[in-house]
Each structure stands twice: as C-alpha cells, then as structure tokens.
Amino acid sequence: MPQVPDIIIFSVSFFLVALAAKQIGKFFSSYGLPYITGYLLAGALAGPFILGMLPKEASEELRYIDDISLAVIAFIAGSELYLKELRSRLGTILTNAAGIVVFAFSLIGTALFFAQSFIPFTAAYPFMTKLAVSLLGATILLALSPASTIAVIQEVKAKGAFSKTVLSITVVMDVVIIVMFALSVAFAGAMIDGDPVTVSFIVILLVDIVLALLAGFVMGKFIGLVLSTPLNKVVKAAALIMLGYLVFEASYFVPEWAYQATGFKIKIEPLLIAMVAGFTVTNFTRYRQPFEDLLHDISPYVYVAFFALTGVALKLDVLLATIGIATILFLVR
C-alpha cells in the first residue's frame, strides 16, 4: 500500500481541528469573548505540546494555509484604506502612527535591553549584541495585527469613524514595520558583525519597496479585470486565493533567482504587495463593492484557518520558560 504524503495527513487533520475551532469560537462568543480566542485555543490544544494531534513539523507542511490566509487578510486590510473616507482623518492616522513608532519603540527597546540580563541565553551577550537584540525585538513587538483587528471589527459589526481610524492606523503601521524591520536587520547585523551599512543596501531596500508597490498596483488592476468578468463568485474567490498564494510562493524563490541573475537579492514583500493590491482595487477600479463582497464571503473561513494554525504553531514550551519576561514586555507594550 503506497504511503500517504504527510501534507495530506496534516491537511485532513487540520481540517478537523478547524471545524472544532469554529464551534469553540462560537462557545467563547456566547461569553462575550472574540471568536478568535476560541480558534487560538483550539489550535493550541491540538498542537504538539498538549494533545499532539498535529506534530511540530505540521506547521511547516501547512505553510500554504498560512500564506493563503495572510494574502486574503492583506487584501482586506488594503481594501479598508478608501481614500475618500480617509482624507479627513489622514492627519490623525499619521500622527498616531508616528507616536507609536517614537514612544512605543523607545519604551519597548529599553525594557527589552534590560530584560536580557534575566534571560538565560542572552544574559552573557556583550553590550552591542544586546543593543542589536533590543533593536530587532522592539521592531517586532511594535507590530500591530491587522488580522486580529479586522476579525474583531467584523465580528462585532463595528461601524463609524473610530473603528475606521483604528484599522487604518493598524494597516499603516504594518507598512511601516515592513520597512523598519529591513532596516533593523541591517543595523543589527552591523552591530554584531561589525559590517557597515552601505549605501547599496539602502538603494536595494528602496528598489524592493518600489517593486512591491508596482507589483501590488498591477495585481490590483488584474483583480479588477477578474471581477469584471461574468464568472461566478466561487471561481472569482478561487482566482483571488490563487493569486495571493502565488505572491507568497514567489517571495520564497525570487530572491535566489534575482541573486543568480544580477548578483543582488531583490526581496519580495508579499504582505505589502497584497495590501497595495487591495488598496488599488478599492481606489482605482470600479469594483470596490464586488471586491468587498467577495472578501466578506471568504473571510470567516480564512480567520478560522489562520488563527487555528497560529495556535498550533505556538511554542508553549518557550512561552512557559520565558513567561516572566513575556509578561513584562506585554505590560510595557
């Protein structure tokens, strides 16, 4: 009898976990908690550290589910940035984003720097290495979650200027973090290895961002073209999912191809591309409403899959080992 590939076994197992997560989410909702709390808990229970229904290697095998989910969430995030509604709140959005970057980054970075003295595997790091870890850690912890924000807003059917502003700040911060993380990696590498941050790095980073913006705009126009066809909703939804998946897959292979062809690693930022695509459909095509309707139909399934898989991937052993430091960073954040 031929052996069944692991990806099929894990996919079927995860499908059953997702079904259970949906029901657990409903149970949590009846007590005033968000659905996503139940999804996360179901995934964590099914993961390798509790029931063991899905082993550690399942998270890597099921990466395609994560990629598809992130792509759809990024489409939704981009679609929420409707310029006609945002113009009056643009100053508020940018001021809040700047405040988060300046003050939260400083506080989190400082707390993380001193906290390293109490973490076993970082306590002996030299000053510059601790500074590099603080820089990277603060950038990661600065990130907000469009997925959680969108899921909760849609679940409670929140409408109005406040929820729109909060979501817009979250999406803008996601774009800022993509750029900040690239810069932080470069400066952290310079601090640890003593390598200088060259002008060529900044140029390549700018090229990466411009290419992502262009790719997102082209993809958005293509999605508008798909939406203009008489195809039924199921086919359009499948096309949208496939496009998002291909963008994330390309991000794994294009850097190596570009390096072999040009000698430079041109990175693809799939989240940024998908967000720009959603933004383009909403603002530069006539299909804003059909696009929103399609995303509305897809999103409930995406949220279950994304948060349940996030629960499966949680490294509970690491969390328990660092629960004190994690709590301090949580409170500071």
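Which residues line the largest cavity? I will start there, and keep in mind throughout that this is a predicted model.

The lining of the largest cavity is made up of Ile-223, Val-226, Leu-227, Lys-236, Ala-239, Leu-240, Leu-243 and Leu-294. By class that gives 7 nonpolar residues, no polar ones and 1 charged. The space inside comes to about 50 Å³. The search counts 1 cavity of 30 Å³ or more. As for the elements around it, α10, residues 199-227, and α11, residues 233-262, each supply at least two lining residues. Helix α11 gives the most, with 4 residues.

Next, the open spaces. I will talk about the second largest pocket, which has a volume of about 790 Å³. There are 27 residues in its lining, and the closest to the pocket centre are Ile-150, Ile-153, Gln-154, Glu-155 and His-296. The largest share, 8 residues, comes from α13. The lining of this pocket divides into 12 nonpolar, 7 polar and 8 charged residues.

Take the aromatic pairs. A pair of aromatic rings is described by the distance of the centres and the angle of the planes. Over the whole structure the search finds 10 aromatic pairs. In one of them, Tyr-35 with Tyr-39, the ring centres are 6.2 Å apart and the planes stand at 35°, so the pair is tilted. Both tyrosines sit in helix α2, 4 residues apart, which is about one turn of the helix.

Now the salt bridges. Side chains of opposite charge can pair when their charged atoms come close. The whole structure has 7 salt bridges. One of the pairs is Arg-63 with Glu-249, where the closest N and O atoms are 4.0 Å apart. This pair links distant parts of the chain, with Arg-63 in helix α4 and Glu-249 in helix α11, 186 residues apart. Helix α11 is also the one that gives the most to the cavity lining.

Last, the surface. Where is there a nonpolar patch, and which residues make it? The patch is made by Val-4, Ile-7, Ile-8, Ile-9, Val-12, Phe-15, Leu-16 and Leu-19, and covers about 700 Å². Leu-16, one of these, lies in helix α1, residues 6-29.

Methods: Residues are numbered from 1 along each chain as its sequence is written. This is a predicted model: local features need pLDDT of at least 70, side-chain atom pairs count only at pLDDT 80 or more; totals for chains, interfaces and linings use all residues. Side-chain values use heavy atoms; hydrogens and water are left out. On a 1 Å grid over the protein atoms alone, a cavity is a set of points where a 1.4 Å probe fits but cannot get out, and a pocket is an open set with protein on both sides within 12 Å along at least five of seven lines; lining residues have an atom within 4 Å of a point. Grid points are joined across faces, edges and corners, and a volume is the space filled by probe spheres set on the points. Ala, Val, Leu, Ile, Met, Phe, Trp, Tyr, Cys and Pro count as nonpolar, Asp, Glu, Lys and Arg as charged, and the others, Gly among them, as polar. Patches are made of residues with over 30% relative accessible area and no salt bridge: like charges are joined within 9 Å, nonpolar side chains (Val, Leu, Ile, Met, Phe, Trp, Tyr) within 5 Å. Accessible areas come from the Shrake-Rupley method with a 1.4 Å probe; for residues, only the protein chains shown count as cover. A salt bridge is a side-chain nitrogen of Lys or Arg within 4 Å of a carboxyl oxygen of Asp or Glu. Rings of Phe, Tyr and Trp (its six-membered ring) pair if their centres lie within 6.5 Å; planes under 30 degrees apart count as stacked, over 60 as edge-to-face and the rest as tilted.
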